[in-house]
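Reader: I'd like to learn how to read a model like this one, feature by feature. Can you walk me through it?

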Amino acid sequence: TSTGGGYNFVGLSPGDYEVRVDAASVPVGYAPTTTGGNSQSFTIASGDGPITTADFGYVAPATVGDYIWHDLNADGIDNDGPASTQGLGGITVELRDGATVVDSDVTAADGSYSLTAGPGTYDVVVDPSTVPAGYGPTTPASVSITLISNETNDDIDVGYATTASIGDTIFDDLNGDGVQQSGEPGLSGVTVELSDGFSNDTVTT
């Protein structure tokens with residue numbers, strides 16, 4: 001076949017013919033999709049025009065994946081260092097067609113995973129029961145994708161982050177040394193604000 005997959009047998013006398021594709025010459029991983037598989041039969045009579053329906057279709061599985069990572073700054077962007085240090089291992093990722101799980105994988109120590117399926121529309125879904133306790137998603141944990149034959153999609157990252165807390169005591173520093181010591185009481189009714197540069201949270205002691 002040519003670069004575009006074309007082929008043509010010319011000068012054929014009337015008769016019965018079988019067009020066969022040499023399966024050994026088809027790229028590895030491809031399977032036939034057209035009726036007849038690797039062969040089709042035709043009859044040519046005198047006066048017939050060119051037969052242009054002898055097409056053979058082939059399809060190869062597609063792969064989708066990338067990383068599940070610890071999103072240190074919880075910005076939803078994979079910019080927290082190499083996967084070898086920030087990947088989250090042991091998390092199950094599924095490729096679903098509706099409610100049907102087509103393929104699944106458990107992330108390696110670096111957070112990497114890979115899923116395989118034929119062409120179609122699927123959802124890449126992280127199994128929340130396998131995510132470490134205390135971690136919440138910073139990106140969508142379910143992503144809809146459409147795969148085509150022989151595609152490799154290595155862009156489906158999912159980030160997770162934990163929450164933290166800040167707090168202690170507002171106290172009457174009796175000796176003024178900046179350290180709360182035994183006998184130095186707390187001060188109630190004091191308003192404390194927490195700002196992230198965009199919004200404020202307020203608590204009162």
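**Reading the sheet, the rings and the pocket**

Author: Let's start with a strand pair: strand S6 (residues 92-97) and S7 pair in the antiparallel sense over six bridges. Two strands pair if DSSP finds at least two bridges between them, and strands are DSSP runs (E, at least two residues) numbered from the N terminus. Before going on, this is a predicted model: local features need pLDDT of at least 70, side-chain atom pairs count only at pLDDT 80 or more, and totals for chains, interfaces and linings use all residues. Residues are numbered from 1 along each chain as its sequence is written, and side-chain values use heavy atoms, with hydrogens and water left out.

Reader: Which residue in S7 is the bridge partner of Arg96?

Author: In general, strands of a sheet pair through backbone hydrogen bonds, either parallel or antiparallel. Here, Arg96 has Val101 as its bridge partner in S7.

Reader: In what order do the four strands of the open sheet come?

Author: The order is S7-S6-S9-S11, with antiparallel pairing. Strand S7 (100-106) and strand S11 (142-147) are the edge strands, each pairing on one side only. From one strand to the next, the twist averages 25° (axes are lines fitted to C-alpha atoms, and angles run from 0 to 180 degrees between N-to-C directions).

Reader: How do I read an aromatic pair?

Author: A pair of aromatic rings is described by the distance of the centres and the angle of the planes. The rule: rings of Phe, Tyr and Trp (its six-membered ring) pair if their centres lie within 6.5 Å; planes under 30 degrees apart count as stacked, over 60 as edge-to-face and the rest as tilted. That gives one aromatic pair in this model. The ring centres of Tyr7 and Phe9 are 5.8 Å apart and the planes sit at 65°, so the pair is edge-to-face.

Reader: And which residues lie nearest the centre of the largest pocket?

Author: A pocket is an open set of points on a 1 Å grid over the protein atoms alone, where a 1.4 Å probe fits, with protein on both sides within 12 Å along at least five of seven lines; lining residues have an atom within 4 Å of a point. Of the 35 lining residues, Tyr7, Asn8, Phe9, Val19 and Ala54 lie nearest the centre. Strand S1 (15-20) and strand S3 (39-44) are the elements giving two or more residues to this lining, and S1 gives the most, with four residues.
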